[in-house]
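Please read them alongside the sequence and the coordinates.

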Amino acid sequence: MNLVLLGAPGAGKGTQAQKLVADYGVAHISTGDLLRAAVKAQSELGKQAKAYMDEGKLVPDQLVIDLVKERLQADDAKKGFILDGFPRNTAQAVTLDAELESMGIKLDGALLVDVAFPVIIERLSSRRTCRSCGYTAPAGTETCPRCGGEMYQRDDDKPETIAKRLDTYKAQTAPLIEYYGGKGILIKVDGDRPVEDVYVDVKKELGL
Ligand SMILES: [Zn+2]
């Protein structure tokens, strides 16, 4: 099971990934987590990434790809992986395809957790994030269930910025749906339902 996860911020794709990881032992490769971990570990790639982040710049694609490639070498990734947060646009998807091919790895599917924008806006504005590990939970959660860190509302999840993020998502990520659709590996599930119902569909679509 080698998957790319697609879906707007707040669509619940991370939750579905965590469930697949728990049940099937595949690696959940979140590029946000990878970057945070590399920076914390002060690895060579982490130091490079930090320099960009400190300047408020986007980390270059190649650096993210290098981190992903490093992560794919780990034992758990050999059973399968779920890429979360990358690729974000078609150019990155093309690069990823080339890199995976050179590693002899085949992408089995692009899983799209589909949720209408008004629902996304409602969900995101009530979302809180852990300052330490990036875990997300609904408003009212004061401490992180994963690491005990402090939960806060990211600027990104404030109503005024959500609309902008969704515009960016639509412009950049929506073409990926077409890209993977064209390759015949797009798997679309309706994400506007309880988590467990979505998961039943995900497993069915993946033949699990
Ligand atoms: Zn945490």
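1. What does the secondary structure of the chain come to? It comprises 10 helices and 8 strands, where helices (H or I, at least four residues) and strands (E, at least two) are DSSP runs numbered from the N terminus. The radius of gyration, taken over C-alpha atoms, is 17 Å, close to the 17 Å that the globule rule gives for 208 residues, so the chain is as compact as a globular protein of that length. The rule is 2.2 Å times the number of residues to the power 0.38.

2. On provenance, this is a predicted model: local features need pLDDT of at least 70, side-chain atom pairs count only at pLDDT 80 or more, and totals for chains, interfaces and linings use all residues. Residues are numbered from 1 along each chain as its sequence is written.

3. Along the principal axes, the C-alpha atoms fill a box of roughly 45 × 40 × 35 Å. Of the 208 residues, 27% count as buried (20 or more other C-beta atoms within 10 Å of the residue's own, with C-beta atoms placed from the backbone). Among contacts with a separation of 6 or more, 66% involve residues 24 or more positions apart; a contact requires C-beta atoms, placed from the backbone, within 7 Å.

4. The pairing of 5 strands gives an open, parallel sheet in the order E2-E3-E1-E4-E8, two strands being paired if DSSP finds at least two bridges between them. Strand E2 (27-30) and strand E8 (186-190) stand at the edges with a single partner strand each, so one side of each lacks a neighbour in the sheet. Neighbouring strands are turned by 25 degrees against each other on average, direction ignored.

5. Strand E1 (residues 2-6) has 4 of its 5 residues buried, so it is largely enclosed by the rest of the structure. E1 runs parallel to strand E3 (residues 81-84), joined by 3 bridges, with Val4 partnered by Leu83. E1 also pairs in the parallel sense with strand E4 (residues 109-114) over 4 bridges, and Leu3 stands opposite Gly109 there.

6. E4 is joined to E8 by 5 bridges, again parallel; Leu112 has Lys188 as its bridge partner in E8.

7. Helix H1 (residues 13-24) lies across E1, E2, E3 and E4, at about 165 degrees to E3. Helix H9 (residues 174-182) lies across E1, E4 and E8, at about 125 degrees to E8. Axes are lines fitted to C-alpha atoms, for helices over the stretch in contact, and angles run from 0 to 180 degrees between N-to-C directions.

Terms used. A residue is buried if 20 or more other C-beta atoms lie within 10 Å of its own, exposed if 12 or fewer, and partly exposed in between; C-beta atoms are placed from the backbone. Two residues are in contact if their C-beta atoms, placed from the backbone, lie within 7 Å.
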